[in-house]
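Work through the exercises below with the structure in view. Try each task before reading its solution.

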Amino acid sequence: MDFRDELPVDHRLATVYRIGAGLCGVALLVFGCLGLADGLAFFSTSGEHVAGLTSNGLLSLISIATAAVLIAGAVIGGNTASTINIVVGTLFVLSGFVNLALLDSGANVLAFRIPNVLFSFVMGFVIATFGMYGRVSSKLPLDNPYWRHRHPEGARPETAQPVAARLLGAPEARPGITGPSR
């Protein structure tokens, strides 16, 4: 099974996925490079301040690796970028919870503090939102490729109008009534 054949393609949405992955990837790349440029200790649990957050060499390296994944998704584009955004965003949120539990312990190898945890949550939700945009909702428009993929009976031309009318709550046409409406 080829993953590219599994989901529909919408070129308008691919731009959103690319922009989201690219912007978030560049922000993480800058943060990681600033941390490495400062020559931070690799496994320091106290960390040093970089761009308002605490960091160490390991966190800087992980930020650069994550940025590379997001930028690669932006270059590839399409559903791949969307999926990468959703996965990376979810991992950011999970990382926020894990690191919240590890605050003030010796296992805090990424030198996280509360601002880092909040950044992880916010960045995770932003990245995931870029990935889910136009893909996950109960109110997708009827011409959305993801809606058509989930409702193949409504995508056929001969049945598209009645299914759409029923989904939107419009009354069905009654046979025998013709002529212009008053």
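**Exercise 1.** What is the mean pLDDT of the chain, and what share of its residues reach 70 or more?

*Solution.* The model is predicted. Its mean pLDDT is 77, and 68% of the residues reach 70 or more. Next, look at residues 1-5, where the pLDDT is below 50. Beyond near neighbours in sequence, this stretch has 2 contacts in the model. Where pLDDT is low, the predicted coordinates should not be read in detail.

**Exercise 2.** Decide whether Asn-85 is buried or exposed, and list what it touches.

*Solution.* Step one: locate Asn-85 in helix α4, which covers residues 78-102. Step two: the relative accessible area of Asn-85 is 0%. Buried means under 20%, so Asn-85 is buried. Step three: leaving aside neighbours within four places in sequence, the contacts of Asn-85 include Tyr-17, Leu-70, Ile-127 and Phe-130.

**Exercise 3.** Which residues does Asn-99 touch, not counting those up to four places away in sequence?

*Solution.* Asn-99 also lies in helix α4 and counts as buried, at 6% relative accessibility. With that separation in sequence, Asn-99 touches Asn-108, Leu-110, Phe-112 and Val-117. Arg-113 is 14 residues away along the chain, and its C-alpha atom is 8.3 Å from that of Asn-99.

**Exercise 4.** How many residues make up the largest nonpolar core?

*Solution.* The largest nonpolar core has 12 residues, among them Leu-110, Phe-112 and Val-117. Helices α3 (57-76) and α5 (114-132) each supply at least two residues of this core. Another core, of 11 residues, lies apart from it and includes Ala-67, Val-88, Phe-92 and Met-123.

Key: Residues are numbered from 1 along each chain as its sequence is written. This is a predicted model: local features need pLDDT of at least 70, side-chain atom pairs count only at pLDDT 80 or more; totals for chains, interfaces and linings use all residues. Side-chain values use heavy atoms; hydrogens and water are left out. pLDDT is the predictor's confidence in each residue, from 0 to 100. Contact means heavy atoms within 4.5 Å. Helices (H or I, at least four residues) and strands (E, at least two) are DSSP runs, numbered from the N terminus. Buried means under 20% relative accessible area, exposed over 50%, partly exposed in between (1.4 Å probe, protein chains only). A nonpolar core is a set of buried Ala, Val, Leu, Ile, Met, Phe, Trp, Tyr and Cys residues joined through side-chain atoms within 4.5 Å.
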